[in-house]
Amino acid sequence: MLDYLRNLRKSAEEQQQEALNAYLDDALAPQQRQQVENELAADANLQADLAQMRALQQQMRQLPQRQVPRNFMLDPALYGRPRREPLIQAYPVLRTATVLTAFIFIFALAANVFLGSASNLASESAESVAMIAESAAESAFEEAVELEAEPAMEMEAQPEGVEEMVEEESDKALGFAQAADEATAAEQAMPAQALGESAFEGSEAGIELQATLESADKLRETLPAIMETEEASAGLPAPPLAASTAVATEIARQLIPQIVPTHIASGQGEELASEVGAPDGVLGSLGGFSLIVLLLGIVLLILLVLTLMARRRL
Amino acid sequence: MDEQGLIQEAKNGDINSYNRLVLHYQGLVYNVTYRIMGEPQAAEDATQEAFISAYKALNRFRGGSFKSWLMRIATNACYDELRRRKRRPQSSLDELTEDNESSAFLHSPGEGPEGQQQQMELMRAIENCLQTLPDEQRVTAVLGDVEGYDYKEISDMTHVSLGTVKSRMSRARSKLRDCLQGYKELLPFSYRLMGSA
């Protein structure tokens, strides 16, 4: 494999020279050998190259043997038995570990790339939901203000508890919108961890909004009874108040279909954030999963070096 | 010589059996280390180191060619020595003197005094050119062209792929040819003719 890649970088001349040398050393497969012979038959310069290499090889084979200057026998007094062979051979173990680590590293790298694109999707969803929540909260607030402005209701109906509830609903919606806003801003500024957190906040806002909706529903259910009590006590009609509560409820209800994708998106963000454990500082900027990939890469390098050393000792 | 029997006895701690193996292979190992190191003293050190390492690691030898296994250890010893020398470059007058004296060890085929002298000069030229090669290429050229090992054996000894051996051999020969053009007058007539073409 590496040889193949290396060959891609070689020029045609280099490859031809290598083939010619391998031909001289009888190290070619029959098909390659035939190809070189065909090239030799057609190219006189190539023939000259081959003859020159053959002459050089012959000269080198004739290099005189040098006399050994002394004996290299070992002194029996200095050397005992050869080392025992270890029960567990380091090389096969290291080789297997290196191969396994390489596979895990490649898998982690691919997962990192995949999760990176998934988290981008999550951030986009969280952002859009935050915008929707904000606009909905604004309208809820405006509706509440309008309703509050009606003097007849304020002066005559006086169901203070109900009015406060409506205001609370508006305030809550505004608060959720702000939270979602903050989440969006934070998500734009921060990588993986922040992304997860912002998505999580977005989801929290959605959940609270739904709880608000439920409480508004309950409120509406109990409203007739309250009205009857109020009517009986003040002798005034209260439909506008019921209508104001219904408006707030309706606005919140409209958010539900848009909240659902937020949950899905934020769920991914939460998973990512919890999986990563997202450290702060320099490492945090790398992203937790990238950190794992980096660590795997370092471990792989160390194993590779150890394997090569162990192989060398064989 | 019963090589396998001697190896087995040496594995059991019989150092005399091992020394018989040393006597048999020391010429071969010394010549290879000399071509790679280019200096008699460095070659001696590498040879001694190779035989000591081989004895200590004898139990890791699991059959096959003992000669190839020994040459692998000798090649490693040379690489270690070359690395040491790169970290602490040294050049002494003694080494230069020894190099000049080294021709006394040469055994050239008898061709008459003049031819013999020319042949010796050519051999020295080749040895000089060998020393100009990068370490990896020199080791490959020595094992392949001087000692006659095939690519597979060189690949096993040097722990590189066959493709790398092929590539190193090609580059080594190309550089040697270029280097030897500087000694044209020593080259055989046919070689000179082709070189100038």
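From the N terminus on, the elements of chain A run α-α-α-α-α-α-α-α-α-α-α. Chain A thus has 11 helices and zero strands; helices (H or I, at least four residues) and strands (E, at least two) are DSSP runs, numbered from the N terminus. The model is predicted: local features need pLDDT of at least 70, side-chain atom pairs count only at pLDDT 80 or more, and totals for chains, interfaces and linings use all residues. Residues are numbered from 1 along each chain as its sequence is written, while chains are lettered from A and ligands numbered from 1 in the order written.

Buried residues make up 29% of the 314 residues in chain A. A residue is buried if 20 or more other C-beta atoms, placed from the backbone, lie within 10 Å of its own.

The contact with chain B takes 41 residues from chain A and 57 from chain B. Two residues are in contact if their C-beta atoms, placed from the backbone, lie within 7 Å. On the chain A side, helix 1 (2-9), helix 2 (12-24), helix 4 (44-61) and helix 11 (288-313) each give two or more residues. Helix 4 of chain A gives the largest share, 10 residues.

Helix 2 of chain A meets helix 9 (residues 162-180) of chain B; their axes come within 9 Å and cross at roughly 95°. Axes are lines fitted to C-alpha atoms over the stretch in contact, and angles run from 0 to 180 degrees between N-to-C directions. The two helices are therefore roughly perpendicular, a term for angles of 65 to 115 degrees. Gln17(A), Glu18(A), Asn21(A) and Ala22(A) meet residues of helix 9 of chain B, including Lys166(B) and Arg173(B).

Key:
Parallel < 35°, antiparallel > 145°, perpendicular 65-115°, else oblique. Buried ≥ 20, exposed ≤ 12 C-beta atoms within 10 Å, placed from the backbone.
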